[in-house]
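Student: Could we go through this structure together? I would like to begin with the overall fold and then turn to individual residues.

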Amino acid sequence: MKYRDTQNALRAGHRQFIFTASPGLPVEVLKWGPTWVRFKDAYNTYPISTNMKMFSMMVECIYTEKSPDASGQ
């Protein structure tokens, strides 16, 4: 994602993103500021802190859960 898009998504209240390296599992943002992000993923026990630019390069998109009703069945 782009730097600005990531910041705008966080401002809008989105806290789960899809990692580029592991597209199936969401990454949860625990805390964030204008230039930094603290997040937790399924592979690490402890939270990871990084700058906003690096985090933006690591995430692909905002995570959205698909509801069972969305399949049209």
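Tutor: The conversation below moves from the fold to the helix, the core and a few single residues. Please note that this is a predicted model.

Student: How many helices and strands does the chain have?

Tutor: The chain has two helices and five strands. Along the sequence they follow the pattern α-β-β-β-β-α-β.

Student: And what is the order of the strands in the sheet?

Tutor: The sheet is open, with the order β4-β3-β2-β1-β5 and antiparallel pairing. At its edges are β4 (48–51) and β5, each of which pairs on one side only. From one strand to the next, the twist averages 40°.

Student: How many bridges join β3 to β4?

Tutor: Four bridges join β3, residues 36–40, to β4, and the two strands run antiparallel. Within this pairing, arginine 38 has serine 49 of β4 as its bridge partner.

Student: Turning to α1, where does that helix lie relative to the strands?

Tutor: Helix α1 lies across β1, β2 and β5, and runs at about 75° to β2.

Student: Which of its residues are buried?

Tutor: In α1, which spans residues 3–11, the buried residues are Thr6, Gln7, Ala9 and Leu10. Viewed down the axis of α1, these buried residues fall within an arc of 160°, so they line one face of the helix. The face turned away from that buried side carries the exposed residues Arg4 and Arg11.

Student: What covers the buried residues of α1?

Tutor: The cover includes β1 (16–19), β2 (26–32), α2 (52–58) and β5 (59–62).

Student: What follows α1 in the chain?

Tutor: Glycine 13 follows α1, and its phi is positive, near 105°.

Student: Let us stay with Thr6 for a moment. Why does threonine 6 count as buried?

Tutor: Threonine 6 counts as buried because its relative accessibility is 0%, and the cut-off for buried is under 20%. Leaving out residues up to four places away in sequence, threonine 6 touches Met1, Met52, Phe55, Ser56 and Val59.

Student: Now the core. Which residues make up the largest nonpolar core?

Tutor: The largest nonpolar core has 11 residues: Ala9, Leu10, Phe17, Phe19, Val27, Val29, Val37, Phe39, Met52, Phe55 and Val59. At least two residues of this core come from each of α1, β1, β2, β3 and α2. As general background, nonpolar side chains in soluble globular proteins tend to be buried together.

Student: What is phenylalanine 19 in contact with?

Tutor: Apart from its neighbours within four places in sequence, phenylalanine 19 is in contact with Leu25, Val27, Phe39, Asp41, Met58, Val59 and Glu60.

Student: A change of topic: where is asparagine 44, and is it buried or partly exposed?

Tutor: Asparagine 44 is in the loop between β3 and β4. With a relative accessibility of 32%, asparagine 44 counts as partly exposed. Its C-alpha atom is separated by 21 Å from that of histidine 14, which is 30 residues away along the chain.

Student: Finally, what are the figures for the whole chain?

Tutor: Of the 73 residues of the chain, 26% count as buried. The accessible surface comes to about 5200 Å², and 54% of that belongs to carbon and sulfur atoms. Among the contacts with a separation of 6 or more, 41% are between residues 24 or more positions apart. Taken along the principal axes, the C-alpha atoms fill a box of roughly 45 × 25 × 20 Å.

Methods: Residues numbered from 1 in each chain as written. Predicted model: local features only at pLDDT ≥ 70, side-chain atom pairs only at ≥ 80, totals over all residues. Heavy atoms only, no water. Buried < 20%, exposed > 50% of the residue type's maximum accessible area, 1.4 Å probe, protein only. Arc of directions from axis to C-beta. Contact = heavy atoms within 4.5 Å. Pairing = 2+ DSSP bridges. Axes fitted to C-alpha atoms, helices over the stretch in contact; angles between N-to-C directions. Core = buried A, V, L, I, M, F, W, Y, C linked by side-chain atoms within 4.5 Å. Areas by Shrake-Rupley, 256 points an atom, 1.4 Å probe, with all protein chains shown as cover.
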